[in-house]
Amino acid sequence: MWEAKLEADVISSNVGICSCEKGGQWQRALALLWEMPEEKLEPTIISFSAGISACEKGAQWQRALALLCEMLKAEVQPTVISYSAGISACAKGEQWQRALALLSEIWEAKLDPTSSATALGSARARKLQRWHQRVREVRAVAEGARAAEQGQAVAASAGAAERDAGG
């Protein structure tokens, strides 16, 4: 396009970013994404999601998370697909707490991790659904432990009051 002196548009930029992502060229994908504003083009959900996926494939979890933040700054709402790529990038980088935090963000945003099953691919959607279930289980265990601690504290207080009253 540059050689032919054709102007880029959002679609051609997104195609370029997606192509770089598919080809494992995360640096070039990000370069194309960052060039969009210079060309007076607004990155879209596709632009950002492809950039995040490129980072995931390039084992660049920090950059994937930075792009999720940039999306929010640009007032582009992340989707399950965006979050899924970020989660996968964190998982590949063994950043499990960050991956679970992103999963919690999906939950808090009330996004259904299975709603984009065809776009995500059924294997990735099932994995995301399992992670989602695991977060629920961990929260339930934490809430149960907290309730048990409170119950023990109440029982201890009642025992102490009983001893004081009897003694």
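Contact means heavy atoms within 4.5 Å. The model discussed here is predicted.

Q: What covers the buried residues of helix 2?
A: The buried residues of helix 2 are Trp 26, Ala 29, Leu 30, Leu 32, Leu 33 and Met 36. They cover an arc of only 155° around the axis, which puts them on the same side of helix 2. What covers these residues includes helix 1, helix 3 and helix 4.

Q: How many Å does helix 2 reach from its first C-alpha to its last?
A: Helix 2 has 13 residues, and at 1.5 Å a residue the expected value is 18 Å. The reach in the model is close to that, at 19 Å.

Q: Which residue just after helix 2 takes a positive phi?
A: Helix 2 covers residues 26-38. Just after helix 2, a positive phi of about 60° is taken by Lys 40.

Q: Which residues have the most contacts inside the largest nonpolar core?
A: The largest nonpolar core has 30 residues. Helix 1, helix 2, helix 3, helix 4, helix 5 and helix 6 each supply at least two residues of this core. Those with the most contacts inside the core are Ile 17, Leu 33, Ile 52, Leu 67, Leu 68 and Leu 102.

Q: Leaving aside neighbours within four places in sequence, which residues is Ile 17 in contact with?
A: Ile 17 is one of the residues with the most contacts inside the largest nonpolar core. Neighbours within four places in sequence are left aside here. The contacts of Ile 17 are then Ala 29, Leu 32, Leu 33, Met 36, Ser 47, Ala 50 and Gly 51.

Q: Is Ser 53 buried or exposed?
A: Ser 53 lies in helix 3. Beyond its neighbours within four places in sequence, Ser 53 is in contact with Glu 21 and Ala 85. Its relative accessible area is 12%, and buried means under 20%. Ser 53 is therefore buried.

Q: Which residues do salt bridges that share partners join into one network?
A: The structure holds five salt bridges. In one of them the side chains of Glu 21 and Lys 22 meet at 3.4 Å, N to O; Glu 21 is buried at 6% relative accessible area, whereas Lys 22 counts as exposed at 64%. Another joins Lys 73, exposed with a relative accessible area of 65%, to Glu 70. The network joined through shared partners consists of Glu 21, Lys 22 and Lys 57.

Q: What separates Lys 73 and Glu 70 in helix 4?
A: Lys 73 forms a salt bridge with Glu 70, with the closest N and O atoms 3.6 Å apart. The two residues are three residues apart in helix 4, so their separation is about one helical turn.

Q: How many Å apart are the end C-alpha atoms of helix 6?
A: Helix 6 has 13 residues, which at 1.5 Å a residue should span 18 Å. The end C-alpha atoms agree with this, being apart by 18 Å.

Terms used: Residues numbered from 1 in each chain as written. Predicted model: local features only at pLDDT ≥ 70, side-chain atom pairs only at ≥ 80, totals over all residues. Heavy atoms only, no water. Helix = DSSP H or I, 4+ residues; strand = E, 2+ residues; numbered from the N terminus. Buried < 20%, exposed > 50% of the residue type's maximum accessible area, 1.4 Å probe, protein only. Expected span 1.5 Å × (residues − 1). Core = buried A, V, L, I, M, F, W, Y, C linked by side-chain atoms within 4.5 Å. Arc of directions from axis to C-beta. Salt bridge = Lys/Arg side-chain N within 4 Å of Asp/Glu carboxyl O.
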